[in-house]
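I opened this notebook to record what I looked up in one structure. The entries follow in the order in which I made them.

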Amino acid sequence: MSVTRFERRYVIAAGAAFTVAALANLTVPARSAGLAATPSMRGGANNYMPGAPIVERIGGGGFWMSGTVLRAGDGAPLAGQCIQIWAHTTEGSERDRQSHGATLTDANGAFRLEMPQIVPALGQAHAHLAYDSGQYQTVFLRPLLSSPRDTSLEAHFVLQPV
């Protein structure tokens with residue numbers, strides 16, 4: 001009777017090869033399977049003005065609003081999506097047209113727009129963001145800054161097709 005000896009490194013390599021082969025057969029990344037759509041936030045649509053222009057920057061800048069836009073379900077990044085942003089800033093109220101602007105997502109579904117420093121309105125420093133282009137369900141977000149001294153804020157959308 002012969003005895004076969006397995007060296008540890010060969011067993012580990014074989015297990016890793018099996019795992020890689022099994023993962024290669026997945027069609028949807030496990031991390032994004034079943035990703036739920038983002039619900040609209042209460043108060044997110046306050047002072048919304050449809051059709052804000054796509055801009056390079058709102059006002060003098062100094063504050064960065066950024067985030068991502070993904071598709072519900074599979075989590076695929078959505079390029080070319082228009083995100084409108086407005087806020088109460090050092091340069092104007094969230095009701096003022098000059099405090100509104102829009103930007104488009106890049107190939108990775110990311111967006112970034114510079115705007116004036118956000119300042120508290122009704123006791124809270126916050127921004128408003130909207131997706132309302134029609135291909136996906138409309139979503140309004142109203143994220144809060146951790147501190148009025150923050151110079152950036154992120155907001156993330158997961159959109160449900162209409």
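With which side chain does the side chain of His-126 make a polar contact of 3.2 Å? I found that the partner is the side chain of His-128. A polar contact is a pair of N or O atoms within 3.5 Å; within protein, one must be able to donate a hydrogen and the other to accept it, and residues adjacent in sequence count only if both atoms are side-chain atoms.

I noted that the model is predicted, with local features needing pLDDT of at least 70 and side-chain atom pairs pLDDT 80 or more, while totals for chains, interfaces and linings use all residues. Residues are numbered from 1 along each chain as its sequence is written, and side-chain values use heavy atoms, without hydrogens and water.

I then stayed with His-126. A second polar contact, of 3.3 Å, joins its side chain to that of Glu-94. His-126 has 3% relative accessibility and therefore counts as buried (under 20% relative accessible area, 1.4 Å probe, protein chains only). I located His-126 in the loop between strand 4 (110-115) and strand 5; strands are DSSP runs of E, at least two residues long, numbered from the N terminus.

Strand 5 (residues 127-131) pairs with strand 6 over three bridges, and Leu-129 has Leu-141 as its bridge partner in strand 6.

Conventions:
Pairing = 2+ DSSP bridges. Helix = DSSP H or I, 4+ residues; strand = E, 2+ residues; numbered from the N terminus. Buried < 20%, exposed > 50% of the residue type's maximum accessible area, 1.4 Å probe, protein only.
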